[in-house]
Amino acid sequence: MLVLPPTLLWLSGLAAILCFNIETENPYSFKGEEASHFGYSLSQLDTGTEKWTIVGAPLHKQGSNTPGAIYKCGYQTTCNKISTRDVKGQEAIGLSLAVDNKENPALLACSPRRTMECGTNTFVKGQCYTFNRKLEQMGKWPSKDPECPKSPIDIGFLIDGSGSVGSVDFNKMKQFIIALMRKFGDKNAQFSVTQYSRRVYPQFSFTDYINAPDKQKLVNQISQAGGGTRTFTALEYSANTMFEKNKGGRPGATRILITITDGESQDRGSHADRAVQAANRKNIKRYAVGVGRAFANSRAKIELKTIASSPEHVFAVSDFSALDGIQNELENRIFAIEGTQGTGDQSSFEQEMSQEGFSAVLARNTILLGSVGSYDWSGEVSVYRGSSQSFLRQSEREKREMTNAYLGYSVKEIKFSVGSLYAVGAPRYKHRGKVFIFSLARQNPQNEIEGIQIGSYFGAELCSVDLNSDGRTDLLLIGAPLYLNQNQGGIVHIHQPTQLKTEIGHLTGEKGHEFGRFGSSIAGIRDVNGDGLTDVAVGAPLENGGRGCVYIFHGRDSNISPTYTQRVEGSSIDGKLRYFGRSIDGSLDLTGDNLTDISVGALDHLFILRSRPVLQLKVTVTFTPDNISPLDDGCSAPAAQGTPVTANVCFTIIKDIPDTLGNLNVKISYQLALDIARKIQRAELGSQRSGTQSVDTGRKEACVKTQINVKPCILDSLNPILLHVAASVTGEKISGQRNLIPVMKGGENITHTGTLLFKKQCGSDDICTDQLEVMFDFQGARSLIVSPSSVLLINTTLENKGEDSYSTDLHFSIPAGLSFRKTNVIQSSRPVTVICDASKNSDITLNGKIICSINHPVFRPHTRAMLLTTFHVVSQTNWKESVTFNVDAVSLNKKRDTKHSSARQSLPVQFQINVILKGLESTQYINGTSNAEVQMPIEHVYKVENLGQVSLPVTLTFKVPIAMKPNIFWESINISSNDLTNIKCRRNNQTSNEKSSPVTVWLVEVCDLATLDIAQTVVFHVSGVIKTKGLEQSKHLLETNAEVTYDTKRFIQSTTLFQKATVTTQLDILKQFNPLPIIVGSSVGGFVLLAIIAAILYKVGFFKREYKDLLNEGGETAGPAPDPTPDPTPDPTPGP
């Protein structure tokens, strides 16, 4: 990675934050009348002799009317209103504009809000006007002024001729009918009259009316019938017969039935229901006129509402004289549904609210006008080619789901090498929006693109982009200005005409503007950055609190760059602006300098933003001499002086886009630095390290020379020495161009790098052939020991016996389970650096490869290096019985001698174990008597324990003496354990061959322990009975032996001291003991002693009489024993 010094670092980072080449400091601006919405729409027009920005001001006022206005605004001139002789009333011309800048330049200006009055109803039909290259009005589209609707209306009268109606009033009723006939006489209406009383009397049919030369006479000759009032019978009859085809009724005509009565009907009930149902079946709009006081009560009012289709169709007047007063109101209510189609009481508009011209395309001899209000705002597109008119719309089958879709909200031409298609937006289609693709050869769409987010207004704005200016559309941009995504508002989707269904990208504005309406306006603009591709401008008129912004995106091959290069804020031009970016066009050079100018509309304002000239700084660096020989003698002794080199740095300024502005001047401030990414410098730069140069586009180049001293003893002579040039370019103001300043392509801060090459020392063929030889050993290790603390050391010797070796690496292919620790150079013929890239060597090498770079970039010829590489052995690995190691020496040389560049060795794998066998507390001592048969129990206890980190199978061998000299036998031998399921034992007898051993026969029992787990302890009990016979007094040692063994190929133990154990019991045979002499001697001695004691007692008189009597007396006394204490008082009685 390139690391710049601070003085170069800030220069390179500055370019990223600067805007590009749309001038915002001093734009041309035009202000329209306040509140006229001057700038609502605009288009750039090239008439061939002049270039204009055509601007719409749809709310321009003229007296009390708002006819709107369109203006032509030129470079360094004022804006002048274009004459629109046919525009009048409330047309609001300029709501949409279209231009054709091809062979016959023309302008199309539309008034989609143009209204027409039909009675008291106002319809919005729309009108567009074409202007030639002189901006003279030429025609209008539609070419004929719209007329009030004249769809067929069949009006029938059902009049009350009962006796309650006076003759005078009956005549007033007939005059009322005649007056209505006159009002609708020019509205494609025909009439029929039926009179009723107790019976029904048809007076004249629609056929009679059409054929009658004097239509008023048909009414005048009606005579009153008299009788009762059966209104609902007459209503049912009229519904079933009056509008039939054989009576002159017209299919598709609006059917109107006006019932006039002066009193309540005498046939209510079931007749009323049948009459209403019959009328509804025939889709008859019914009006009821009640005359007189009879309809003051609630029941009569309910009857009138039953007769009428809806409460709005009920009229109640006080007398027949008042009929004249409801003529106009009745006319307006009938006219309100005239020209509409529907079922029941629901009307459906067709063209009455079409707003034709809401969007427009002017292409050669074809005009397309969007009509968003057609067919209940389903919308359509009117196509005018010459005098013919056709429509682009959805089929009848799809009309229901198109309701309120606003088809025609936007329309754009998609050009192909042969023919065109037309994209039409319907932003409210199913609330998600859709773009339909039409061909003029078919009325219905042939493709469609549907939006994905409800309420996003997908398709509200469209833009057709020709990236390479070959006359064919490369991209279709679809705006969805109400799209919301986190903290972004608005999006522009990018599609290709050849794959319309697939979105290939999208454009978004700056984050933090959820309601900025990004994508409300989109325009393809002439190349502004000099890459030859069309660029795109996108408006976001509600960003920055409604002040607005315009974004510039650069074109690229087959797409638009998703990152905007410039964001022009309206507030940066004028802090009081509103809705900057509501309209945009940048298809022309308006100022004559061959650079693109962008027209941007705001509320009551127009701005022309100029493109700044784009200059490119070309930096070249040459060296004298152009390459150098490395001074490398191994750095074993001081080298001579370095190599001097002269660097020549030249600056050239060229125009990226040719313009007519003449020679342009820039000032260049530069700084020079060598090998800025290296810690150890290989060369020193002279005193000429920075400076300033003035260059213009007419000058060939400006150059500066500086000296470089290449140091001796360079280790890296493969990679060239880099001379870094950092230049800051400042453009100077262009005279006579409103202080326009050129801009540098890529930013004002440019970096360039020159390379000073080293000569190769690869022989006469200039091709370096290395000869790498590698060998290795394990530093005397015979196996790979697996334990928690084990390491493996590999001694590797690498020698280059050929020419320079470039980017030399050692590849260690090792088994999984070895963790790389370090590599050290322990000996080398010259200084060698070794780097084992940590990014390539994981802590535990699961990929089995370690890559170490050897003295990059060049491993010199005849260099020999010995390396010691340390690996940690990971015990938690599924180790095989042996592992294989490969060491390969590789390089980037195109030609290599690889005979000895690889080495391979294998090692057996052994696990470090720690298994201990011990004898535990057992029978220590038993004894018996000589010459007697002895039978005593005995038990020896052994414990085997796994103190290591590996589970393993072990075998225990027990040797028990079953026969010993002389006549000692170990019988009933049993060897048991606390782990019975994991042990299998087998036994046999073995004769002792050792003459010196008292044991003559051994019992040998071998027990296989399938798995001795980590920290597991297994205890064995060796028990039995010791028998002896006829032994003399003696001592004997009874010993059992135990030994633990394992597979020594797979396991290794640091010591064998605890692999064997012995348990000993001492057997003592004692001489048998005879007690008779002792008993006889003791008895005789006792009698002799007794005799002596008796003699002594006799001698002292123990056996005399007085003592005998005292004893007897003492024995006969019953009282308490005398007090043995003498009385101290003398007895007065004399003794014997």
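**View 1. Helices H5 and H7 pack with their axes 12 Å apart, at an angle of about 5°.** H5 spans residues 231-241 and H7 spans residues 298-307. This is a predicted model, in which local features need pLDDT of at least 70 and side-chain atom pairs count only at pLDDT 80 or more, while totals for chains, interfaces and linings use all residues. Residues are numbered from 1 along each chain as its sequence is written, and side-chain values use heavy atoms, with hydrogens and water left out. Helices (H or I, at least four residues) and strands (E, at least two) are DSSP runs, numbered from the N terminus. Axes are lines fitted to C-alpha atoms, for helices over the stretch in contact, and angles run from 0 to 180 degrees between N-to-C directions. H5 and H7 are therefore roughly parallel to each other (angles under 35 degrees).

**View 2. Thr231, Phe232 and Leu235 of H5 meet Glu303, Thr306 and Ile307 of H7.** Contact means heavy atoms within 4.5 Å. By class, this contact of H5 with H7 has three nonpolar, two polar and one charged residues. Nonpolar covers Ala, Val, Leu, Ile, Met, Phe, Trp, Tyr, Cys and Pro; charged covers Asp, Glu, Lys and Arg; the others, Gly among them, count as polar.

**View 3. The buried residues of H5 are Thr231, Phe232, Ala234, Leu235, Ser238 and Ala239.** Buried means under 20% relative accessible area (1.4 Å probe, protein chains only). These residues lie on the same side of H5, because they cover an arc of only 155° around the axis. The arc is that of the directions from the helix axis to the C-beta atoms.

**View 4. Strand S72 (residues 1060-1070) pairs in the parallel sense with strand S63 (residues 925-929).** Two strands pair if DSSP finds at least two bridges between them. S63 and S72 share five bridges, and glycine 928 stands opposite isoleucine 1069 in S72. Strand S70 (residues 1034-1045) runs antiparallel to S72 and is joined to S72 by 10 bridges. Threonine 1040 has valine 1063 in S72 as its bridge partner.

**View 5. Five strands form an open sheet with mixed pairing, in the order S40-S48-S46-S42-S44.** Strand S40 (627-628) and strand S44 (690-696) are the edge strands, each pairing on one side only. S40 pairs with strand S48 (residues 749-758) in the parallel sense over two bridges. The bridge partner of asparagine 627 is leucine 757 in S48.

**View 6. The protein has 13 helices and 72 strands.** Of its 1136 residues, 49% count as buried.

Conventions:
Parallel < 35°, antiparallel > 145°, perpendicular 65-115°, else oblique. Buried < 20%, exposed > 50% of the residue type's maximum accessible area, 1.4 Å probe, protein only.
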